[in-house]
Amino acid sequence: MARILQTTFLVLAATALAACGADKQDARQAPPPVVEVAEVLAEPATLWNDFTGRVAAPETVELRPRVSGYIEQVAFTEGELVQRGDLLFSIDPRPYRARERAAQAELASARSQLTLARNQAERAQQLLKSRAISRDEFDRRNAAQDSARAAVDAAEAALENARLDLQYTQVKAPISGRVGRAFITRGNLASADQTLLTTLVSVDPMYVYFESDQQTFVASRSFFTPERHPEVRVGLAGEPGFPHRGQLDFIDNRLNSHTGTLQFRAVIPNPDGTFKPGQFARVQMPTEQLSRAVLVNRKAVLSDQDRRFVYVVDGENRVARREVGAGPQMDELVVIRHGLDSGERIVVNGLQKIFAAGVQVEPQLVQMREQDPDRQIAAR
């Protein structure tokens, strides 16, 4: 029995050793893994930085009445678009019409007095020649004429003021834009220069304000000159990417001493009302122009804690780990600050098949850039 067991054990052991040997032979004969490699690019690129901004209207009006009175009509729908000159509120005009008529009567009386004074002054001129009146009487009549003329001027000014007050009972839109809600309704008293009636904001174009640190400003100031206003890209919450285009038109003249930042402003068209004052926006602005940027596909850049590296394929199709300085990125491309040069081949797909440096691979050459080659690089 013991002999049988011993014989069985030897047979099993021989079988296991044969299988192990076969596995090692298969491993030695396994073909190298297939990976996709691409040549490192080197080309001019514009780097962009991302900022957080806020949308603001170029024109904002808090509408208040210029005359006091009771609101007779609210002539707009809250939230609608209005044009400059459209009627928004009507104040009871009857008291101001009465004042206008009174001013007209005062003017008529003053003109009558001026006519009388002018006639008396002309007669005095003739009488003085014949020495029928004294010089003192002549001077008094001329002074009366001047006084009557001044009274006419005052009456004309009073009439003009009364007509303005009557005109101000029609509260009209001073700008074109979107009107807010009515803070006062029909029948309520509105006090001149005090009562807030509504608000009005312009809608097209809009401003986007954002702030940049001093270092970014120094790097980007070459893009903004009196003759050159660079394009900026803008995106709103919920929108993928930066679908809107605007133009940088203003840089503040001093830095904020509390935050160390400088304010920028972009103008962006808003024909369909997409942008509203107070919204947060994401802004991309060009900050650096590189005459020769080394670019790789971002899928090729791996991380090891705080280090970045790629796998470079040599002339014998063996991979070597290479630490690189990864810079800004956008879409599928990454700017490499150091560690690579144009023309070198790196692995972009099949990285999971590489277990260690020195492994031989079967490279398949692909393009480094998969998307539109005209896309610019945006710093992030």
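The model is predicted, with local features needing pLDDT of at least 70, side-chain atom pairs counting only at pLDDT 80 or more, and totals for chains, interfaces and linings using all residues. Residues are numbered from 1 along each chain as its sequence is written, and side-chain values use heavy atoms, with hydrogens and water left out.

Q: Why is Ser212 called buried?
A: Buried means under 20% relative accessible area, exposed over 50%, and partly exposed in between, with a 1.4 Å probe and protein chains only. Ser212 has a relative accessible area of 1%, so Ser212 is buried.

Q: Why is Glu211 called partly exposed?
A: The relative accessible area of Glu211 is 40%.

Q: Where do Glu211 and Ser212 lie?
A: Glu211 lies in strand 11, residues 206–213, and Ser212 lies in strand 11 as well. Strands (E, at least two residues) are DSSP runs, numbered from the N terminus. In a regular strand the side chains alternate between the two faces of the sheet.

Q: What makes the link between the side chains of Glu211 and Thr261 a polar contact?
A: A polar contact is a pair of N or O atoms within 3.5 Å; within protein, one must be able to donate a hydrogen and the other to accept it, and residues adjacent in sequence count only if both atoms are side-chain atoms. The side chains of Glu211 and Thr261 are joined at 3.0 Å, so the distance meets the cut-off. The two residues are 50 residues apart in sequence, with C-alpha atoms 5.9 Å apart in space.

Q: Which residues is Ser212 in contact with, leaving aside its neighbours within four places in sequence?
A: Contact means heavy atoms within 4.5 Å. On that basis Ser212 is in contact with Phe51, Phe217, Gly260, Thr261, Leu262 and Phe264, its neighbours within four places in sequence left aside.

Q: How do you know that strand 12 and strand 13 pair?
A: Two strands pair if DSSP finds at least two bridges between them. Strand 12 and strand 13 (residues 244–251) have 4 bridges, so they pair, in the antiparallel sense. Glu231 stands opposite Gln247 in strand 13.

Q: What makes strand 12 and strand 15 a pair?
A: They are joined by 4 bridges and run antiparallel. Val234 stands opposite Val283 in strand 15.

Q: What makes strand 12 mostly covered?
A: In strand 12 (residues 231–236), 5 of the 6 residues are buried.
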